[in-house]
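Dear colleague,

I am handing over the structure below, together with some notes on what turned up when I went through it. Please look at the model first and then read on.

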Amino acid sequence: MEYSANEPNKDNPDSALTTKELLTELEGVTRALRTLSAGNHTLLHASDEQELLHDMCQVIVDKGGYRTAGVVYAEHDENKSMRWMEGIGVDNAFMKALHHTWADKEMEIGHTAAATAIRTGQPSVGRHILTDPVYAAPTYVSIRECAIKFGFAAVTAFPLRMEGEVLGAMVVGAIEPDAFGEEEVKLLGELADDLAYGITNLRMRINQQVCEATIARLAYYDPLTELPNRTFLLEHLRDAIQTAKQQHHALALLHLNIGRFRELNQILGYHAGDQLLQQLAQRLTHTIKKSDTLARVEESAFALLLPSGGADYAVQIAQQLTLVLHDPIEVAGLLVDPRVNIGIALFPGHATEADVLLRRANIATHEASPARGGYAFYTGGQEQECTRRLSLMADLRQAIEQNGLSLYCQPKVDIASRRVSGAEALVRWQHPVHGMLPTIEFIKLAEHAGLITPLTNWMLDAAFSQSYIWHEEGVERALSVNLSAHDLYHPLLIDRIQGLFSTWGIRPEMIQFELTESALMEDPAGALEILTKLKKFGTRLFIDDFGTGYSSLSYLQKLPVDSIKIDQSFVMPMVINSDSAAIVHSTIELGHNLNLEVVAEGVDSQAVWDHLAELGCDIAQGYLVSRPMPVEQFSNWENEWARMPS
């Protein structure tokens, strides 16, 4: 910038600046230094970005003596807009309403001081609002009017650089048209750099705080349900126990286990399991008091801390939760019964340490059942029983893998001819220490340990192998295998059965499949699809435990089944119970009307046999015929049966 000399400087004859101009420049440098100093002080005390922008603009006007100050941010949208953030000495509402751009377009758009500083990354110095042609354009004539109204004649804009990019611009307005000398601009440029550094530092600090908060939340909260996690619960429980000790009162911990959760994940997918957990968490959250602590402590378990109250209060809450969780939950288009069991452990009676109390509340869930109200208290022997169960789970896995199980079978006999029509394949486990374990016990162990599929695979292998052995001995004897709900919906079931038929070359009619009515009713449409695929093999299909699954006649007509097995709970008392007899009679007629073979389970007496014969039942299975036997004994039994008088 050149200046014409009116009065030469006597000390420096070559100087082109007058004394007045030197004083003006010195004054500009002085106010810039004053502004820079005050601005640095502002940076040290800033805790919020918007607050920093406001305080910095305030410093520029109050301490520096400039007429106006403002900050704009550059948007990287299609129009390259500028967003007015803060201003002192101007009408902020007016400035925010303007549609600015920093794009290099027509003359009248994008060539203001702020736009030029953002676009070029260099200061746009000494723009004379009242004479600059840019501000005479229709787009910006209102800015000139604003300048006249608020009394500033010149503006300079400084780019705000952050991590190599221009964040926006700091705009300073002065009364003098010829304000902003070279040294003054340098100092204000330093202030703009300091402001950009302060903004960057604040954002980094906020990001760090957000990260720390996120890490802390992940450490103490479950991201799926947004409930506290086990770590949070245990810390909170330790504090609650300490308070209970000091104040001499009891507290309770409830452990809520979701039944069949793993099966739900395997059949419907993990997303369905997540939905179930989220909906359960919502129901529970809306039920408990604010003083209680609900947490997700395992994949399929919640825990509820009642910081005060004994056994009676714990029972009251358990009963309340049981009612809240009773109604089915819609997941993946299906209504799912969560089947939540609640275990209760009390301080100080059951444990005085947090982790022990939580473990014992979990143990108590194994004794909970709908028949007992859905909840149970911890008792001393439960821990030893759980240890035994864990040991048995490991032993069961080993028995499956090392072929340590035994194949048993129970005969099926045609009532009219007394001929053996086949047998039902059963599995038995002779434990080396505990002896012959009840089947229902190790089936439950398999369910809890995730061993149902390996156990079914063992059964299928054993049944096909035995059928081949009988075939080689010249015996054609049908053998039926039970499939659970878990098996029925397993994606590899059909492929595995097809592979076994190919491996052994067994005639399809020699292998039969039994499926419980309740398993079929869990997903009728899916069951129909699977049964149709099984039927294509040419096998016979049985509905087991018929009468207990509440299936409709219209649904029964659609199923490609060959036989129904009347549940033994109706068959066994039919001689002495007229209601049971009526149910059996109706079921036999129903089956025959649908062209289905009817099998009666639980035929344990001659009187029951005779009554079934009178009603025209087709097949009998029960202790009167034979108890389950090792498969190796079947041929001898069959010979003895044939010699028995009718």
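Arg83 counts as partly exposed, because its relative accessibility of 40% falls between the limits of 20% for buried and 50% for exposed. Glu75, with a relative accessibility of 26%, is likewise counted as partly exposed, and the side chains of these two residues, Arg83 and Glu75, meet in a salt bridge with an N to O distance of 2.4 Å. Please keep in mind while reading that this is a predicted model. In the whole structure, a search finds 16 salt bridges, and two others deserve a description here.

One of them joins the side chains of Glu424 and Lys565, at 3.2 Å from N to O. Because Glu424 belongs to strand 15 (residues 420-431) and Lys565 to strand 20 (residues 563-566), this pair ties together parts that lie 141 residues apart in sequence.

Turning to the strands, you will find an open sheet of 5 strands, arranged in the order 8-9-7-12-13 and with mixed pairing. Strand 8 (293-298) and strand 13 (375-377) are its edge strands, each of them pairing on one side only. On average, and with direction ignored, neighbouring strands of this sheet are turned by 25° against each other.

Within the sheet, strand 7 (residues 251-258) pairs with strand 12 (residues 340-347) in the antiparallel sense over 8 bridges, and Ala252 stands opposite Leu346 of strand 12. Helix 10 (residues 311-324) packs on the sheet, where it touches strand 7, strand 9 (301-306), strand 12 and strand 13, and the direction of helix 10 makes about 165° with that of strand 12.

How values were computed
Residues are numbered from 1 along each chain as its sequence is written. This is a predicted model: local features need pLDDT of at least 70, side-chain atom pairs count only at pLDDT 80 or more; totals for chains, interfaces and linings use all residues. Side-chain values use heavy atoms; hydrogens and water are left out. A salt bridge is a side-chain nitrogen of Lys or Arg within 4 Å of a carboxyl oxygen of Asp or Glu. Buried means under 20% relative accessible area, exposed over 50%, partly exposed in between (1.4 Å probe, protein chains only). Helices (H or I, at least four residues) and strands (E, at least two) are DSSP runs, numbered from the N terminus. Two strands pair if DSSP finds at least two bridges between them. Axes are lines fitted to C-alpha atoms, for helices over the stretch in contact, and angles run from 0 to 180 degrees between N-to-C directions. Contact means heavy atoms within 4.5 Å.
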